Amino acid sequence: MVPLSWYVALSAFLFITGLVGVLIRRNIVVVLLCIEIMLNAVNVNFVAFSDYLHLIDGQIFVFFVITVAAAEVAIGLGIIISLFRLKESVNMDDYNLLKL
Amino acid sequence: MNFSPVNIMGTMPEIYLTVLGSILLLMEPFVPKEKRSWLGLFAIASLIFAMIATFGLNGKGLPLYQGLYIVDPFSNFFKMVIYTGTIITILFSLPYLEKEDIHVGEYYGFLIFAAVGMMIMVSAGDLITLFLGIELMSLCLYVLVGLKRSIHRSVEASFKYFLLGAFAAAIFLYGISLLYGASGTESISGLAAFVQNPGALKPMIIAGMILTMVGFAFKVSAAPFHMWTPDVYEGAPTVVTGFMASVGKVAAFGVFLRVFWVAFSANKDHWTWLIIMIAILSMLIGNIVALVQKNIKRMLAYSSIGHAGFAVIGLLNPSRESLFALMFYLFVYLFMTLGAFGIVLILRRKGVEGEEIQDFVGLNKKNPMAAFLMLIFMFSLAGIPPFGGFLAKFYIFMAAVHAGFTWLAVVGVLLSAVGAYYYIQIVMTMYMKEPEEVVEFMPNRMEKFALFLTAAMTVVMGIFPLPFVHYIETSLAILVP
């Protein structure tokens, strides 16, 4: 059997991949995907803990996370499309009307 | 597993508003464009019904749905504040949407859904419910911020808010997953019971706690997680900005408080320093960066960061006094922020919103009423007596002193004095200078009513706060099932 720590390490690795991706990538769609990777890292964590602790509620949480992530992507892509219509670019650096 | 009708009765306001929000979404194509304001009035009427229903639950402590959802005096107070803020927002938005030519029928539906999300947040007894509430609120706000689809700034603000919001949500969730892994429970009271064991403070609990704190700090826009605030507040339609800055922040504070005071009260020593750091950074950034802003919405955004810093001080010590101070602070903050944004959204220069500080020059000569109302809100935000903002700050600092953080209260008072400079600067530009540009200020009946309500509440909370003090004192109970 694969020990729990492997799963947790996998989840941490995925999470950090997503985190670094959000911070350094400039393509809007790739950044959105990186956020999805972070959410899936959370799912791996929940399922692993749920199995290890023999408690079912972690897996229930995963369903909610998946649902919310789907809703979030729907809204995010909607916003990206309306942004793209105004200025045909998917590069983050082109959107600097507001000073950050 | 038994299911009693009490569960349905206790969540009646939420169920009712969810159904109503869906009806508003469905009704939109059947209502002609010029009658769209009826949808808004319908929404106001329903919010008042929901308010009465919540009032009926006053004084009860019900753990519903096996503790997933908690109705207690604490959450009822926050729900009342959410209803009031949403009603005032709708009053402002009815004429505003006309003027800005935003004919999106879904607007009121999203507003109601966002309010439901906030209500779920403040009543959450479990991290699942909490997460769903936060996401329901955020998803609606992302859309509302990007409401002016043809205006570049609005869509860009929406995009930035979405990206950073989703990022913060992912970090928050990772924190929850670590907490779950360490304790094996997702309920807030279960976590509290687990944290009380002396051997429970594994690094995993600490890491989970810090990550959830990051998520909450993002939602209340406290430094160092405030980066999105000025951009989003500037780009969003001003009604939505007012809604996010006031109601959204109040709800986020409610849930922040419940999680940290109930679940993590046993390891207070571990988070006190983090809270102090957040408070000092927010007060510094909020009050100092605001000095150089030219756009009033950006300035109010920094002011709201500063106010988050003051309010966070109230979280330091889980006591009745701090709870009272924080609730009073948020109550006053709601009215003065909504009022200030209300003035900004009514003020127009040549048909566009007068959102530059330049537009306020000599406002007193042209429109004494607008200048006077703005003076009330600015003085109250600065914390000058006799307005509500002063009393709110006073209670917060008193609570800090009694909790043994006298030095923090001193820092707070000093930074609040720095902040007073830019509020008073606005009052100066309104009263001491000659008007240059043509600025219109023509509120209609609804806007007038909303402005007078917020201004009256700001003043009354300062000079005659007793009824509100009594009301808040009856709401000081947090139920731990």
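The model is predicted: local features need pLDDT of at least 70, side-chain atom pairs count only at pLDDT 80 or more, and totals for chains, interfaces and linings use all residues. Residues are numbered from 1 along each chain as its sequence is written, chains are lettered from A in the order in which they are written, and side-chain values use heavy atoms, without hydrogens and water.

**Interface between chain B and chain A**

- Chain B brings 41 residues and chain A brings 42 residues to the contact (heavy atoms within 4.5 Å).
- About 3800 Å² is buried between the two chains, 80% of it from carbon and sulfur atoms (accessible area, 1.4 Å probe, that two parts lose on being put together, summed over both).
- On the chain B side, Phe159(B), Tyr174(B) and Tyr180(B) lose the most area to chain A, together 17% of what that side buries.
- There are 0 salt bridges between chain B and chain A (a side-chain nitrogen of Lys or Arg within 4 Å of a carboxyl oxygen of Asp or Glu).

**Helices on the chain B side**

- Helix 6 (127-145), helix 7 (152-183) and helix 10 (228-235) of chain B each supply at least two residues of the side that touches chain A (helices are DSSP runs of H or I, at least four residues, numbered from the N terminus).
- Helix 7 of chain B gives the largest share of that side, 22 residues.

**Helix 6 of chain B**

- Of the 19 residues of helix 6 of chain B, 16 are buried (under 20% relative accessible area, 1.4 Å probe, protein chains only).
- At the start of helix 6 of chain B, a side-chain oxygen of Asp126(B) lies within 3.0 Å of the backbone nitrogen of Ile128(B).

Methods: Buried means under 20% relative accessible area, exposed over 50%, partly exposed in between (1.4 Å probe, protein chains only). A polar contact is a pair of N or O atoms within 3.5 Å; within protein, one must be able to donate a hydrogen and the other to accept it, and residues adjacent in sequence count only if both atoms are side-chain atoms.
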